[in-house]
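Here is a short briefing on one protein chain. Please keep the structure in view while reading.

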Amino acid sequence: MRAPFLLLPLIALLPLSNCAVAAVGAVGAAGFAASKDQTVGQTIDDIGASNEIKARLLSESSSRFGEVAVEVSGGLVLLTGRVYSAEDRTRAEGIAWTSVYTQDVANELAIEQPGGFFANVADELISARVRSRLIGSSTVKSINVNVETYNGVVYLMGIARSPEELRRAAEEASVVGGVKQVVSYMRLVEDNRRPAAPTTQMPVSPSPSYQPVPDTSYDSQALPELRGASY
């Protein structure tokens, strides 16, 4: 049976395999970005933001935030994984806002106890199968799409070159075995031309420093938070 898929209310959002790119450093990131529909500067900013936010989460508490995954693309920070309380969920989002590169935060963190080794392995296998399917697709430029999975829910971040490709990426992911749902935070390439973030780093303070005016450019409506729409 085809799994249902979610798309942001005609806002699609973005991509970045920052875990893979971080391993090769800035030079490798530049080469990687050259083949993507995103500037080298945007790619490097996203990688820096992801590493910075993850480091701050672990520095605050590795036991509380050790199972939080951080992906950043075009200034959108996606938080997935699990925390053990509503307070930790709110705090993780606050820490995500402390990066100078953060333009919006999609908080998909679940509040629950650890799922164990086998649950994590199952999610990794689903992510790998979705990536393989996207690579084999003739209509999706897979290098523009980043895939994360938690409890069988697949999250897509990336850039689509057309509305049809945006939808097709979600459809391809939805037919992979084990996928319960697909949530897409992809966006169209013409909507991804954002100015580079300032180079001056925001000082780290004990309390989270929130952006005073929320960036609503990811949505066509003034929603209180980013949320997928079911189709």
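**Salt bridges and overall layout**

The count of salt bridges comes to 10. The model behind this briefing is predicted. The protein chain has 7 helices and 9 strands.

**Chain as a whole**

- Buried residues account for 49% of the 231 residues in the protein chain.
- Take the contacts between residues at least 6 apart in sequence: 74% of them join residues at least 24 apart.
- The protein chain has an accessible surface of about 10700 Å². Carbon and sulfur atoms contribute 59% of that surface.

**The Arg91–Glu60 pair**

- Arg91 and Glu60 form a salt bridge, with their closest N and O atoms 2.8 Å apart. This pair links distant parts of the chain, since Arg91 sits in helix α5 and Glu60 in helix α3 (residues 40-60), 31 residues apart.
- Arg91 counts as buried because its relative accessibility is 17%, under the 20% cut-off.
- Glu60 counts as partly exposed, at 34% relative accessibility.
- A network of salt bridges links Glu60, Arg64, Asp88 and Arg91.
- Side chains of opposite charge can pair when their charged atoms come close.

- Thr90 has 51% relative accessibility, so it counts as exposed.
- Leu109 lies 19 residues from Thr90 in sequence. Their C-alpha atoms are 9.5 Å apart in space.

**Helix α7 and Glu172**

- Helix α7 (residues 163-174) has 12 residues. It reaches 17 Å from its first C-alpha to its last, close to the expected 16 Å.
- The buried residues of α7 are Glu165, Leu166, Ala169, Ala170, Glu171, Glu172, Ala173 and Ser174.
- Is Glu172 buried or exposed? Glu172 is buried, because its relative accessible area is 7%.
- Which residues does Glu172 contact, leaving aside neighbours within four places in sequence? They are Arg133, Leu134 and Ser137.
- The side chains of Glu172 and Arg133 meet in a salt bridge at 2.6 Å, N to O. Glu172 lies in helix α7 and Arg133 in helix α6, so the pair ties together parts 39 residues apart in sequence.
- Arg133 is partly exposed, with a relative accessible area of 38%.
- Glu172 also meets Arg168 in a salt bridge, at 3.3 Å, N to O. Both residues lie in helix α7, 4 residues apart, or about one turn of the helix.
- Arg168 is partly exposed, with a relative accessible area of 29%.

- Strands β2 and β3 (residues 76-83) run antiparallel and are joined by 6 bridges.
- Val70 stands opposite Leu79 in β3.
- The two strands form a hairpin with 2 residues between them. Gly74 in the turn has a positive phi of about 60°.

**Surface patch on the nonpolar side**

- Phe117, Phe118, Val121 and Leu125 form a nonpolar patch on the surface. Together they have about 470 Å² of accessible area.
- Val121 is found in helix α6 (residues 117-135). Val121 counts as partly exposed, at 30% relative accessibility.

- Val189 is placed in the loop between β8 (181-188) and β9 (229-230).
- Val189 counts as buried because its relative accessibility is 14%.
- Pro163 is 26 residues from Val189 along the chain. Their C-alpha atoms are separated by 9.8 Å.

Conventions
Residues numbered from 1 in each chain as written. Predicted model: local features only at pLDDT ≥ 70, side-chain atom pairs only at ≥ 80, totals over all residues. Heavy atoms only, no water. Expected span 1.5 Å × (residues − 1). Buried < 20%, exposed > 50% of the residue type's maximum accessible area, 1.4 Å probe, protein only. Contact = heavy atoms within 4.5 Å. Areas by Shrake-Rupley, 256 points an atom, 1.4 Å probe, with all protein chains shown as cover. Pairing = 2+ DSSP bridges. Patch = residues over 30% accessible without salt bridge, like charges linked within 9 Å, V, L, I, M, F, W, Y side chains within 5 Å. Salt bridge = Lys/Arg side-chain N within 4 Å of Asp/Glu carboxyl O.
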